[in-house]
Amino acid sequence: MKKIILQKAASILLVLSFLPFHAFVSAAEEKPSDYDIRLLYTNDTHSHLENMPYLHTLIKQNENAASLLLDAGDVFSGTLFFVQFLGQADAQLMNQIGYDAMTIGNHEFDRTSQVLANFITRANFPLLSANINVDGDNTLAPLYRKEIGDPPQNGNIYPAIVKEVNGNRLGIIGLTTLDTAILSRPSKEIEFENAKKSARKWIGKLKEMNVDKIIVLSHLGIYEDKKLAKSVKGIDVIIGGHTHTKIPKPIVINKKTEPTLIVQAYRHANYLGRLDLSFNSEGILEKWNGKLINVLSKSVAPDPTAMEMLNQFTREINVMNQKIIGNTTVFLNGESRDVRTQETNLGNLVADSMLKEARKLTRADMALMNGGGIRNSISSGPISLGTIRSVLPFQNQLAVLTLSGAQIKEALEYALADINEESGRFLQLSGLNIQYNPFSPPGQKIIEALVMEDAKYAPLQADKTYRVVVNEFLSDGGDGFDTFRLAKEQGKAEILPLVDYEALESYIQSVGTIHLQPEGRIVRIS
């Protein structure tokens, strides 16, 4: 018996001796030297500088001689750091850690062309976008180079650049969402062109330069990225942004022929993406290993230099936090158990601010705010900007969804389904009143729903279309609102260049003194 076992073992060892060494090296055992290139990436940081010292630590821990550090856009807008410094603080921190390139996102156009130009000229890295035409914009046109940067010069915009890494010449192309014109505030002279056609054009030009390893820094969103990967040949990796998608492992398109990898690192510098790549002699991807690294892990210590820079910025922000923006004569109730189970005056105030401020930018019929997003109350007396930030700490962009009355009713029923559980999905309302029976079966709780139309309330009509303001968390399906997520995926969402606390701040400033009380928007009838 022992002889037979020994013979089998010998046979196995003989077979294994003919296998390449990498055939029995697990992903966990793979070393940086097993790959040709390492890509480190971020997207949609939205000026969340409070996370940058921790991000810097992880970048230093993961970078090597064969790495590039890239960003897929939307550095602008989202916190008071942007309100105060207009991207200059972001540029300083990005320069400190050494970004190699960044694509232009839609929110980079939230302010004037001059604000974007100031960021570009301050950056120690090039910005990319192959599908924007800024010829008619006198501020940005002088910064745009209609050529492949080889090598690129900092402080300019290119459609594409070439970076040499570990003996490999990489082509990097930038793409910006065509929806920028309606999602942000670019000057009327700027045009946004077809992303697929632009990608094909510059891939062709890179191929003419014998550059056959292609990275796309895409601010198109995950749905468009998948279409791009399936319809445009020659792309090896798409580093995406715009939809704030968390992709722990690369999505692989065309795996059996010439694979294209799609990655994205969520948002707000909460994660650092890492993607290791190897190519064969024909420039085709043959091996990869990708993951997201949690920036906010308790094991990550802040980088001292970046933390000192952040502290300097924060000291200026603290002055703004103390700024008084209005007053309230009443306690504004944001207690967790209340905003998740019933109408409150603070819930009304937040929803009203969303609706009224959104109407300055677009058409809107009503606003819905998840109770779980209201995190603090406001005591009677002066209201500071810091208090506003504590009420709405998540700093969500606002979105306008186009929904039918039937879809709105479905969402309202879902919000009330576990009314006794103090769920964060309970909705505070503006422009809409409801009566409901908490003891009715799920999906049948609403007795009446009325929409404000022409200064009076009218029944919500199942087959009528309405424009509904929500925060981006809800539009992404947060708290389980699949109705909202599906509408967004179907292209029925308009993301506004407006953050929730900015809307509340502006609305309170316009009102001056708040006297608001609950007024029967959500009525419980047994």
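Here are some questions and answers about the predicted model above.

Me: Which residues have the most contacts inside the largest nonpolar core?
Reply: A nonpolar core is a set of buried Ala, Val, Leu, Ile, Met, Phe, Trp, Tyr and Cys residues joined through side-chain atoms within 4.5 Å. The largest one has 82 residues, while a second, separate core of 31 residues includes L368, L403, I408 and I446. In the largest core, the residues with the most contacts are F119, L140, L349, V350 and V469.

Me: Is V75 buried or exposed?
Reply: V75 sits in the loop between β2 and α3 (80-85), where helices (H or I, at least four residues) and strands (E, at least two) are DSSP runs numbered from the N terminus. Not counting residues up to four places away in sequence, V75 touches T45, H46, S47, D90, M94, M102, E108 and F119. Buried means under 20% relative accessible area, exposed over 50%, and partly exposed in between (1.4 Å probe, protein chains only). Because its relative accessibility is 1%, V75 counts as buried.

Me: How many residues of helix α2 are buried?
Reply: Helix α2 spans residues 52-62 and is mostly covered. Its buried residues, among them M52, L55 and I59, pack against elements including β1 (37-42), α4 (88-97) and α9 (304-321). Of the eleven residues in α2, the number buried is eight.

Me: Which side chain makes a polar contact with that of N156?
Reply: N156 lies in the loop between β6 (148-149) and β7 (157-158), and counts as buried because its relative accessibility is 9%. A polar contact is a pair of N or O atoms within 3.5 Å; within protein, one must be able to donate a hydrogen and the other to accept it, and residues adjacent in sequence count only if both atoms are side-chain atoms. At 3.1 Å, the partner of N156 is R145.

Me: Which element gives the largest share of the lining of the largest pocket?
Reply: On a 1 Å grid over the protein atoms alone, a pocket is an open set of points with protein on both sides within 12 Å along at least five of seven lines, and lining residues have an atom within 4 Å of a point. The largest pocket holds about 530 Å³ of space, and the closest to its centre of the 23 lining residues are T177, D179, L220, E224 and H242. With five residues, the largest share comes from α8.

Definitions and conventions: Residues numbered from 1 in each chain as written. Predicted model: local features only at pLDDT ≥ 70, side-chain atom pairs only at ≥ 80, totals over all residues. Heavy atoms only, no water. 1 Å grid on protein atoms, 1.4 Å probe; cavity = no way out; pocket = protein on both sides within 12 Å on 5 of 7 lines; lining within 4 Å. Points joined across faces, edges and corners; volume = space filled by probe spheres on them. Contact = heavy atoms within 4.5 Å.
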